[in-house]
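Hello,

Here is the structure we talked about. Please open it alongside this email, and then read on.

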Amino acid sequence: MSLTEAPPAPPTGPGEPKLRKPSTRKRLVPYWLLLPGVLWLVVFFALPLVYQASTSVQTGSLEKGFEVTWHFRTYVDALRDYYPQFIRSLLYAGTATILCLLLGYPLAYLIAFKAGRWRNLVLVLVIAPFFTSFLIRTLAWKTILADGGAVVDVLGTLHVLDVTSWLGWTENNRVLATPMAVVCGLTYNFLPFMILPLYTSLERIDGRLHEAAGDLYATPATTFRKVTFPLSMPGVVSGTLLTFIPASGDYVNAELLGSTDTKMVGSVIQSQFLRVLDYPTAAALSFILMAVVLLMVTVYIRRSGTEDLV
């Protein structure tokens, strides 16, 4: 036998068990377990997506009926007519996401490292708004931001409204029916979606890393900048995505807390579907929004360097 040849496998003794290949039934078990989820995605995501895609290239009317004519001009017309609402949606959603991060990170840090035995209670308080209807929570902000209310009076006393009026986010001493009201509603409603991923990511950090940083004479600020924040980036990315994506397509806050000048693209889509009954334009707007958000999310994940969100 040459040196390059592999030695023959030793014969199996009479008392040694033979290695058996897994049966076909066992090999198919993982696929059977995936089947319900795959069917759910096909029925409630893929098929509606295909239907919406076909609707976006149709022409006709509700009286005469719609038919697929591959009229891609609908996308151009929709983007040309409603680009202000697209820009406004991305601006409001981006602002709300930043505010959620600024408000949610300290609270998530407190829950993960400082809450102690009160941790479960604080977590319950964070998710408590989910026990109330999204619509009712948004309607409550109409009372909170009402003219002459305590919140508006305090903001006026602190001259905050002077700054926001200069920025164009409020009008004189009025907050309701302004961009600021819409952003406040978005921030409140989606804040838990930011806090929970941040808490999960911070809670996984080994406390001994902070002790090691202290042993190396790192200040608390340096420890946070060099250790805590980099290790919590998966939570930051997950939280911003979970906040920005639904906020960019939201229309409830713009409808209840805003005015005709604060309409978001979600309001336009809802109006085209249920009031104007222009289904191709509504479907085209939905696909444009989905494509824009998907592009922004892809770029954001690549730039943040956290493709593996764990």
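In which loop does N172 lie? N172 lies between α6 (160–167) and α7 (179–203). Helices here are DSSP runs of H or I with at least four residues, strands are runs of E with at least two, and both are numbered from the N terminus.

Some ground rules. This is a predicted model: local features need pLDDT of at least 70, side-chain atom pairs count only at pLDDT 80 or more, and totals for chains, interfaces and linings use all residues. Residues are numbered from 1 along each chain as its sequence is written, and side-chain values use heavy atoms, without hydrogens and water.

Now the backbone. Most residues other than glycine have a negative phi. N172 is not a glycine, yet its phi is positive, about 55°. N172 is exposed, at 65% relative accessibility. The cut-offs are under 20% relative accessible area for buried, over 50% for exposed, and partly exposed in between (1.4 Å probe, protein chains only).

L277 also has a positive phi, near 65°. It sits in the loop between α12 (265–276) and α13 (279–304). L277 is partly exposed, at 28%.

G116 follows α2 and has a positive phi near 60°.

Finally, the whole protein. It has 13 helices and two strands. Buried residues make up 35% of its 310 residues. Its C-alpha atoms fill a box of roughly 95 × 70 × 40 Å along the principal axes.

Best wishes
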